[in-house]
Number of protein chains: 4
Amino acid sequence: MKKPSKLGIGVIGTGRIGKLHIQHLSQNIPDADLITICSLDTETAESLAVQFNIPKIMTDYNSLLTDSNINGVIVASSTDTHVEICQAAAQAGKHIFCEKPIALDLEQIDEILAIVEKAGVKFQVGFNRRFDVNFMRVRDAVASGEIGEPHIMRITSRDPAPPPIEYVKVSGGMFLDMTIHDFDMARYLIGDEVVEIFAVGGVCVDPKIGEVGDIDTALITLRFQNGVLATIDNSREAVYGYDQRVEVFGSKGMVTADNPMTDTVTFSRSEGSRSAPLPDFFVERYKDAYLTELQAFVRCIQEETQPLVTGADGRVPIVMGYAALKSLRENRPVKMSEIS
Amino acid sequence: MKKPSKLGIGVIGTGRIGKLHIQHLSQNIPDADLITICSLDTETAESLAVQFNIPKIMTDYNSLLTDSNINGVIVASSTDTHVEICQAAAQAGKHIFCEKPIALDLEQIDEILAIVEKAGVKFQVGFNRRFDVNFMRVRDAVASGEIGEPHIMRITSRDPAPPPIEYVKVSGGMFLDMTIHDFDMARYLIGDEVVEIFAVGGVCVDPKIGEVGDIDTALITLRFQNGVLATIDNSREAVYGYDQRVEVFGSKGMVTADNPMTDTVTFSRSEGSRSAPLPDFFVERYKDAYLTELQAFVRCIQEETQPLVTGADGRVPIVMGYAALKSLRENRPVKMSEIS
Amino acid sequence: MKKPSKLGIGVIGTGRIGKLHIQHLSQNIPDADLITICSLDTETAESLAVQFNIPKIMTDYNSLLTDSNINGVIVASSTDTHVEICQAAAQAGKHIFCEKPIALDLEQIDEILAIVEKAGVKFQVGFNRRFDVNFMRVRDAVASGEIGEPHIMRITSRDPAPPPIEYVKVSGGMFLDMTIHDFDMARYLIGDEVVEIFAVGGVCVDPKIGEVGDIDTALITLRFQNGVLATIDNSREAVYGYDQRVEVFGSKGMVTADNPMTDTVTFSRSEGSRSAPLPDFFVERYKDAYLTELQAFVRCIQEETQPLVTGADGRVPIVMGYAALKSLRENRPVKMSEIS
Amino acid sequence: MKKPSKLGIGVIGTGRIGKLHIQHLSQNIPDADLITICSLDTETAESLAVQFNIPKIMTDYNSLLTDSNINGVIVASSTDTHVEICQAAAQAGKHIFCEKPIALDLEQIDEILAIVEKAGVKFQVGFNRRFDVNFMRVRDAVASGEIGEPHIMRITSRDPAPPPIEYVKVSGGMFLDMTIHDFDMARYLIGDEVVEIFAVGGVCVDPKIGEVGDIDTALITLRFQNGVLATIDNSREAVYGYDQRVEVFGSKGMVTADNPMTDTVTFSRSEGSRSAPLPDFFVERYKDAYLTELQAFVRCIQEETQPLVTGADGRVPIVMGYAALKSLRENRPVKMSEIS
């Protein structure tokens with residue numbers, strides 16, 4: 001008893017996010033048929049295939065792209081492979097879900113976006129936080145005018161622990177690796193474009209991060225076209241857990257999304273009251289959002305609608321990252337128009 | 001690529017809870033192989049089979065019990081069928097997960113428990129709330145002595161809306177249909193037995209409930225063997241949603257489990273601050289708990305351990321329900337020993 | 001520059017509550033002129049007179065009652081002196097604010113109430129919690145129908161530490177000493193009379209309390225005339241502080257008053273999140289309420305209105321206390337009408 | 001019965017803050033003897049004198065300064081009078097509590113501070129928020145190392161409604177009138193000096209504010225000498241009330257002070273859960289802090305210690321205000337050293 005109209009999907013990459021997508025596609029998205037996993041790490045791929053009952057595994061993504069049963073691909077391989085895979089996939093007529101960042105080079109991004117447009121395939125970028133139920137409600141409150149005209153926005157985004165120094169070296173720097181999510185969130189929540197960015201930052205968490213030319217702590221000011229003033233604060237290490245909050249303040253009120261806690265239990269003892277800790281990290285915090293973004297990808301193919309996160313949405317935060325970097329280096333506000 | 005050692009499972013019943021078990025078994029429990037759905041409602045069964053890729057559907061549970069690929073059965077049919085199905089399943093050597101209540105007749109329960117014991121099969125009763133992460137943490141806090149000796153417990157359990165009057169008529173009354181969960185929770189959290197019960201109740205929500213001889217509002221006092229005093233309050237209609245809270249107070253502190261909210265969003269406007277509503281009802285509220293209880297069932301078969309909710313755990317709350325009913329009718333505290 | 005129409009007030013008793021009244025009258029109630037302190041503890045009285053600039057101190061309350069500048073007296077001496085002082089004060093035409101309990105003997109209370117009525121003086125009883133801003137809002141929500149018809153009420157009232165055993169011996173027992181406040185709160189919040197009481201209790205905190213014939217832990221069920229079911233839980237020792245909460249659940253919603261915290265500071269560290277402790281005890285918790293009740297007393301004299309807590313309000317909780325005690329001893333629900 | 005060693009105090013100014021100080025000095029600070037009120041508004045002064053039993057009122061502050069019973073003066077008159085009054089008071093040997101801002105002119109401030117130092121009198125500036133119990137606990141947590149090395153600080157400070165436009169015109173601008181409190185709070189909480197400021201701002205609330213050359217919405221970035229990065233956000237109009245929150249994030253955790261609510265009551269209804277509103281404005285929000293700061297002033301005179309808010313503490317936030325203004329106008333980060 002097999003459902004006829006399922007979408008054939010292939011996943012490229014079996015890292016942390018790739019695994020999560022594989023799990024969601026095979027267990028929780030009845031309209032998707034996960035046919036193939038493609039990975040250079042054959043051991044992991046085999047083990048996932050057994051665990052989730054996936055028919056094929058392969059190491060060369062080109063074989064996957066010639067499979068006519070495949071309608072869409074999930075590009076979850078390392079960032080430096082996105083360009084060639086996306087180009088090949090678009091040319092093979094496959095719809096594409098591409099993890100963030102599309103690429104670190106703006107010219108390459110433009111190339112991909114052009115090819116995708118010409119091929120007429122769907123292209124959705126993996127800004128999973130847009131699909132978090134809390135942030136969606138904040139966006140709704142702003143879009144519907146429930147808080148009036150937005151004036152001030154605050155985004156707090158702090159990781160529980162810094163990544164390995166080897167990763168930091170090739171990450172493109174904190175703004176392009178970590179803040180990129182917050183840049184996207186800023187645009188998403190306000191529904192408008194940023195015109196100028198001012199960034200301050202420093203090395204507070206680990207001097208090694210400084211030694212490889214990066215920062216681990218930052219405070220970024222955004223000025224939107226519509227006058228909204230926003231601040232993002234980032235740290236690579238919040239010892240109390242993965243801290244992800246937003247607040248939008250407007251003429252008719254304020255809407256905030258606080259951290260979801262891991263339970264609702266409170267202990268009251270003589271030394272005070274203690275409540276649950278924060279989620280450990282993004283897989284735990286955004287599990288549902290990762291599922292919802294894939295469901296949205298499947299649906300936009302089925303219903304032939306525009307993806308909820310477009311290629312342009314994937315490009316702008318990269319530009320914002322370069323503007324922030326320039327601002328940090330030159331210690332002055334940098335206009336978005338300064339980054340080509 | 002199929003995992004060898006999966007447990008073959010059959011589900012009997014495709015009502016609200018049956019459907020949930022079917023979804024969990026087919027999507028989220030890799031160690032289970034949901035082979036057969038058995039239901040008199042063939043339309044629903046067929047649709048579920050297609051949706052979740054289930055090989056067989058049938059209407060007669062006896063055929064299911066003769067299938068040697070089936071290791072365990074989930075009995076989620078209506079309460080009045082539990083007795084014969086559980087007996088047949090035990091005699092067929094199948095492990096049994098039986099929804100609550102096992103039966104409303106204590107003699108029948110004793111019969112089932114005897115047969116199950118003789119057959120040497122696992123028998124787990126569907127008290128799903130024991131697997132809620134919040135209540136598990138409360139239980140841990142009590143069991144570990146973190147709050148010292150427990151003195152007072154409060155359980156609030158209110159449904160969002162009363163069931164249809166036709167259901168009320170055959171439900172066995174609020175104590176056996178609804179409070180039964182709270183009776184189980186009380187025993188679970190304290191880890192001790194109740195010796196005396198005093199119940200007051202009334203018809204506040206809907207006079208029709210009174211007309212069929214039931215109540216819709218109750219306040220129950222429990223006295224435990226170890227001296228703990230507990231109160232349960234129930235209503236069939238909390239207009240603000242499904243309200244499920246517990247509090248245990250002891251010599252070294254207090255532990256509470258509050259309701260999980262549907263999001264973490266707060267609106268601050270001139271008229272005050274507004275936060276998220278409660279979950280609608282039990283499927284939403286206890287989704288994870290329903291999954292965890294099935295995982296525990298599968299694991300107790302695999303690891304040949306005692307189920308976490310035993311047949312005795314399924315029986316005692318029924319006795320408590322009868323004691324509460326007697327107390328309500330006679331307006332006096334009733335000892336558990338008064339109910340045979 | 002002295003305000004002409006100030007009310008002359010005398011305070012009798014300089015214990016913990018007496019001192020608080022003295023401070024409030026001399027500092028925060030411009031319409032009151034605290035003329036005299038009367039106390040057998042002359043040292044304390046003298047020190048208070050200096051601190052708060054009070055003209056006269058005396059040891060014999062009769063001298064106070066003959067002072068024509070005195071319009072009203074605050075009776076904050078020990079319970080066993082209330083009867084004779086209130087009688088003498090009423091006969092001297094002084095308005096009376098009497099601390100709770102008026103007396104432990106119902107006949108004596110009736111006598112006082114008769115004398116007071118005959119003398120035509122105001123008589124307000126010191127149920128301070130009615131003047132707590134949080135509980136007032138809960139009362140308003142119930143009275144205004146904001147939560148519809150009330151169905152269930154829960155009152156939690158736990159002291160931080162038991163009183164000295166010498167005090168316990170003469171206190172009249174937990175129901176008359178401690179629960180009396182909750183009995184009053186129950187009547188106040190629902191605005192109706194209790195018809196039946198069932199109480200269970202035990203000695204969990206300190207065996208010495210049991211040795212002198214009292215209990216330290218209790219759970220009390222109240223049934224109101226209008227059908228509301230209520231539960232009060234009490235403990236003499238909550239190690240986390242003075243715990244005072246109420247909840248009223250009705251056909252259109254629920255209203256709760258939680259504990260006010262001592263500050264709004266939260267610490268998030270790797271071991272979890274920690275917030276402020278509860279207030280230490282009643283002076284800290286109900287400071288504002290103690291002031292508001294005295295302001296109400298002064299105002300009811302000035303405006304010649306009925307006191308907000310009448311003599312009858314002072315009597316009924318005593319009856320409730322005796323009913324609870326009888327219920328505890330006889331292990332059965334006791335009707336209010338059983339206590340004469 | 002008069003206490004001998006009381007400090008004689010005179011209050012100059014009977015505006016909103018002056019009245020509050022008068023009330024606190026006459027009612028809640030036993031060690032202070034409020035002898036004289038000095039105000040050009042004789043009607044208000046007379047009414048206050050009657051209400052609070054104050055012996056003398058006058059219109060000329062020079063008479064007050066020649067009264068040998070006066071030990072200290074509270075300067076709560078309009079900002080443009082602070083210079084001459086403080087100078088005269090210092091020369092008369094009176095200890096001075098001066099409302100913020102000392103003056104808008106840095107040279108004048110320096111003059112006052114020089115005279116005060118020469119005269120050897122105490123000089124405390126009215127940064128009341130330092131005495132708020134919540135912020136004091138945050139300061140303690142930072143100072144004690146409880147959150148490790150501080151990395152990021154966020155201050156939210158929003159008024160419930162903009163002041164009259166006539167006031168805005170003479171206020172010195174939002175940074176010197178409103179943000180000045182947050183500049184002080186920033187220095188207080190971190191215990192270090194700011195080296196660079198970047199400010200963005202706009203007119204979102206009322207175009208009239210823009211017409212007189214001011215802003216009503218701002219976001220300010222502070223860089224501290226010790227590397228802490230801080231952000232302040234301000235609005236002249238938060239429709240939901242007076243919003244005053246701080247958060248300090250460090251290497252070992254985070255400490256936050258949330259808004260105190262006006263009550264602890266929550267309503268749960270079908271449309272969601274609603275809790276208490278924020279305090280209206282600063283008098284309600286900081287009532288206790290205003291009292292504590294005056295107690296500290298009295299104590300620093302009695303105990304001959306350094307005031308907790310010094311003249312230098314009064315000067316630096318003015319410099320920060322000018323730096324922010326320069327940053328706003330020139331759209332670049334401005335070093336504190338650029339403001340002489």
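Reader: Where is the place of Leu308(A)?
Author: Leu308(A) sits in the loop between helix 11 (287-302) and helix 12 (311-330) of chain A. Helices here are DSSP runs of H or I, at least four residues, numbered from the N terminus. This is a predicted model, where local features need pLDDT of at least 70, side-chain atom pairs count only at pLDDT 80 or more, and totals for chains, interfaces and linings use all residues. Residues are numbered from 1 along each chain as its sequence is written, and chains are lettered from A and ligands numbered from 1 in the order in which they are written.

Reader: Why is Leu308(A) classed as partly exposed?
Author: Because 18 other C-beta atoms lie within 10 Å of Leu308(A). A residue with 20 or more is buried, with 12 or fewer exposed, and in between partly exposed, with C-beta atoms placed from the backbone.

Reader: And what does Leu308(A) touch?
Author: Arg130(A) and Ala296(A), not counting residues up to four places away in sequence. Contact means C-beta atoms, placed from the backbone, within 7 Å.

Reader: Switching to domains. Which ones does chain A have?
Author: The assignment gives domain 1 (7-121) and domain 2 (130-289 + 316-338); such bounds come from an automatic or database domain assignment.

Reader: How many residues of domain 1 of chain A are in contact with domain 2 of chain A?
Author: Seven residues of domain 1 of chain A are in contact with six of domain 2 of chain A. Helix 1 (16-27) and helix 5 (106-119) of chain A each supply at least two residues of that side of domain 1.

Reader: How far apart are the C-alpha centres of the two domains?
Author: The C-alpha centres of domain 1 and domain 2 of chain A lie 28 Å apart.

Technical notes. Two residues are in contact if their C-beta atoms, placed from the backbone, lie within 7 Å.
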